[in-house]
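Please read the points with the model open.

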Amino acid sequence: MNALRVILPASCLVAAIVVLIAALAACTGKPPYPRFEPTPMEIVHEMLKLARVGPGDVLYDLGSGDGRIPIAAVNISSADRAVGVELDDQLLARAEQKARDAGVADRVTFVRQDLFESDIAKATVVTLYLLPETNLALRPKLLRELKPGTHIVSHSHDMGDWAPDRTLDVEDRYGKLHRLYLWRVP
Ligand SMILES: C[S@@+](CC[C@H](N)C(=O)[O-])C[C@H]1O[C@@H](n2cnc3c(N)ncnc32)[C@H](O)[C@@H]1O
């Protein structure tokens, strides 16, 4: 009985704290933070092909993790330049080292910045692997800043009621299916 008297108020307190944290997150108006989960390299190649990345392109990866998409855009698809926007210092350091190792550090830049505050006006291609809520929150920025004709490719998540110009289902090397979405900015 005594144990129950202690456990019940304690569980109420935990529940109240959880509700309070959720309410505070909602009040900031910011979508949840997508944690690092790399796009498998074979899927990166499909994303670049879907966006038809090639010479003349400037690719921005918003939330660039270990830098694999910007590096492949320049190294494999021959984009002119690529920019990765990322907040995690360790991932940024890893990405910069990988760009140096691949010999593309002069054409691939990594910026420590919140992707919602980055200047993406120079992009001809934008790649995303975020969360559904983050994609939705990004829509006004994409429309405001990107030039008509800019390609947007998202791994796994759609853009709500924005109808994609193309979707593609691709299997990774383990047989897991990944859905890719392509939009062209009107
Ligand atoms: C799922 S990972 C994708 C990494 C990479 N684009 C890829 O496809 O391999 C999402 C990345 O976005 C970064 N990220 C999340 N929210 C961010 C924000 N507001 N500004 C900058 N980076 C962010 C995370 O640190 C994480 O590295």
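The points below cover the sheet and then the ligand shell.

1. Basis. This is a predicted model, in which local features need pLDDT of at least 70, side-chain atom pairs count only at pLDDT 80 or more, and totals for chains, interfaces and linings use all residues. Numbering starts from 1 along each chain as its sequence is written.

2. The sheet. Seven strands form an open sheet with mixed pairing, in the order β3-β2-β1-β4-β5-β7-β6. Strands are DSSP runs of E with at least two residues, helices are runs of H or I with at least four, and both are numbered from the N terminus; two strands pair if DSSP finds at least two bridges between them. The edges are β3 (108-112) and β6 (166-171); each has a single partner strand, so one side of each lacks a neighbour in the sheet.

3. β1 and β4. Strand β1 (residues 58-62) runs parallel to β4 (residues 125-128), with four bridges between them. Opposite leucine 59 is valine 125 in β4.

4. β2 and β3. These strands are parallel and joined by five bridges. Glutamate 86 has arginine 112 in β3 as its bridge partner. Between β2 and β3 the chain passes through helix α4 (residues 89-101) in a right-handed β-α-β crossover (clockwise from the first strand over the helix to the second, with the strands pointing away from the viewer).

5. The ligand. The shell around the ligand has 23 residues, the closest being Thr39, Gly63, Gly65, Leu115 and Tyr129; a residue is near if its C-beta atom, placed from the backbone, lies within 6 Å. Both α3 (68-75) and β2 (81-86) contribute at least two residues each to this shell.
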